[in-house]
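Student: I'd like to go through this model with you, starting with contacts. Can you set the terms as we go?

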Amino acid sequence: MPALDETVHKTTSPGVTPVVSTVPQTTVGAEDPSLADAGASNQPKRPLRRPGKVIPDRPQRVFYCLTLKNPLRKLCIKVVEWKPFEYLILLTIFANCVALATYTPFPNGDSNSTNAMLEKVEHIFLIIFTLECVMKLIAYGFIMHPGAYLRSRWNMLDFTIVLIGMISTTLSSIMKDGFDVKALRAFRVLRPLRLVSGVP
C-alpha cells in the first residue's frame with residue numbers, strides 16, 4: 001500500500017474544527033525490481049554471429065617495390081582471393097590426379113601416344129600452377145613478411161613441386177638424351193596432397 005500523507009489544514013477562526021485530509025502519495029520514478037527483471041527476460045536474445053573469414057596479412061611492400069596501391073599487386077590480390085579461382089585450382093589438381101593415374105610407364109624409355117598426349121597436358125598444368133604461384137608471391141610476398149607465401153607449409157610444398165616441374169621440363173627440352181628426368185617427375189605425385197588443404 002502506498003504511504004498516506006496526512007495534511008492538516010487549520011484555520012485561524014475560532015470554533016472551527018480542523019479538517020484532516022488524507023492524500024495518497026506515490027514516489028515518482030520508483031520501479032518494482034521484479035517487473036524490471038521480467039521485462040529484461042522477455043526481450044528476444046540476439047543470435048551470436050560467427051566470425052568472418054580471416055583476411056591474411058598483407059605487407060605494405062613486397063620485393064622492395066610493389067606497394068598495396070600498385071595496380072599489378074591489386075589485381076593479383078583480387079584474383080587469388082576470388083572464390084571461383086580457388087575452385088578452378090582445385091579442379092585443375094583433380095584433373096592432374098586423373099592424368100597421373102592414366103599415365104603408363106614403359107621400360108627402356110618407350111612410350112605410346114597416350115603418354116605423349118599426357119606429357120603435353122602436363123605442360124598446361126605446370127603453366128597454371130606457375131601462374132598461381134607467381135600471383136600469390138606478388139600478393140603476399142615471398143618469405144620475409146608475416147603471412148607471406150612461403151610461411152605456409154602447404155605453399156612450401158606447392159612451390160617445391162612447381163620449381164621441380166620447371167627444372168625437369170627445362171632439362172628435358174635442353175638435354176633430351178643426356179639426362180633422365182624421371183626421378184624429378186616423380187615429385188608430381190605429391191601434388192594431389194594440395195586437395196587436403198584446399199577442400200573446405
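Tutor: A contact here means heavy atoms within 4.5 Å. By that rule, and leaving aside neighbours within four places in sequence, asparagine 115 is in contact with Tyr103, Thr104 and Phe106. This is a predicted model, where local features need pLDDT of at least 70 and side-chain atom pairs count only at pLDDT 80 or more, while totals for chains, interfaces and linings use all residues. Residues are numbered from 1 along each chain as its sequence is written, and side-chain values use heavy atoms, with hydrogens and water left out.

Student: Which helix is asparagine 115 in? And is asparagine 115 buried or exposed?

Tutor: Asparagine 115 is in helix α4; helices are DSSP runs of H or I with at least four residues, strands are runs of E with at least two, and both are numbered from the N terminus. Asparagine 115 is buried, at 1% relative accessibility. Buried means under 20% relative accessible area, exposed over 50%, and partly exposed in between, with a 1.4 Å probe and protein chains only.

Student: What about aspartate 158, where is it?

Tutor: Aspartate 158 belongs to helix α5, residues 153-174. Its relative accessible area is 2%, so it is buried. Apart from neighbours within four places in sequence, its contacts are Glu132, Tyr149 and Arg194.

Student: How many salt bridges does the rule give?

Tutor: Two. Glutamate 86 and lysine 83 also meet in one, at 3.3 Å from N to O. These two residues are three apart in helix α3, which means a separation of about one helical turn. Glutamate 86 is partly exposed because its relative accessible area is 26%, and lysine 83 is partly exposed at 37%.

Student: Change of topic. How many cavities are there of 30 Å³ or more?

Tutor: A search of the whole structure finds two. On a 1 Å grid over the protein atoms alone, a cavity is a set of points where a 1.4 Å probe fits but cannot get out, and lining residues have an atom within 4 Å of a point. Grid points are joined across faces, edges and corners, and a volume is the space filled by probe spheres set on the points. The largest cavity holds about 130 Å³.

Student: Which residues are closest to its centre?

Tutor: Of the 15 lining residues, Glu122, Gly165, Ser168, Thr169 and Arg188 are closest to the centre of the largest cavity. Helix α5 gives the largest share of that lining, six residues.

Student: And what lines the second largest cavity?

Tutor: Asn96, Ala99, Leu100, Tyr103, Leu118, Glu119, Glu122 and Arg188 line it, and the volume is about 60 Å³. Elements giving two or more residues to this lining are α3 (83-102) and α4.

Student: Last one: where does UniProt place the "transmembrane region" feature?

Tutor: The unreviewed UniProt entry has it at residues 87-104, 124-143 and 155-175. Such annotations may be inferred rather than shown by experiment. In the model, residues 155-175 are 95% helix and 0% strand, with end C-alpha atoms 30 Å apart.

Definitions and conventions:
1 Å grid on protein atoms, 1.4 Å probe; cavity = no way out; pocket = protein on both sides within 12 Å on 5 of 7 lines; lining within 4 Å. Salt bridge = Lys/Arg side-chain N within 4 Å of Asp/Glu carboxyl O.
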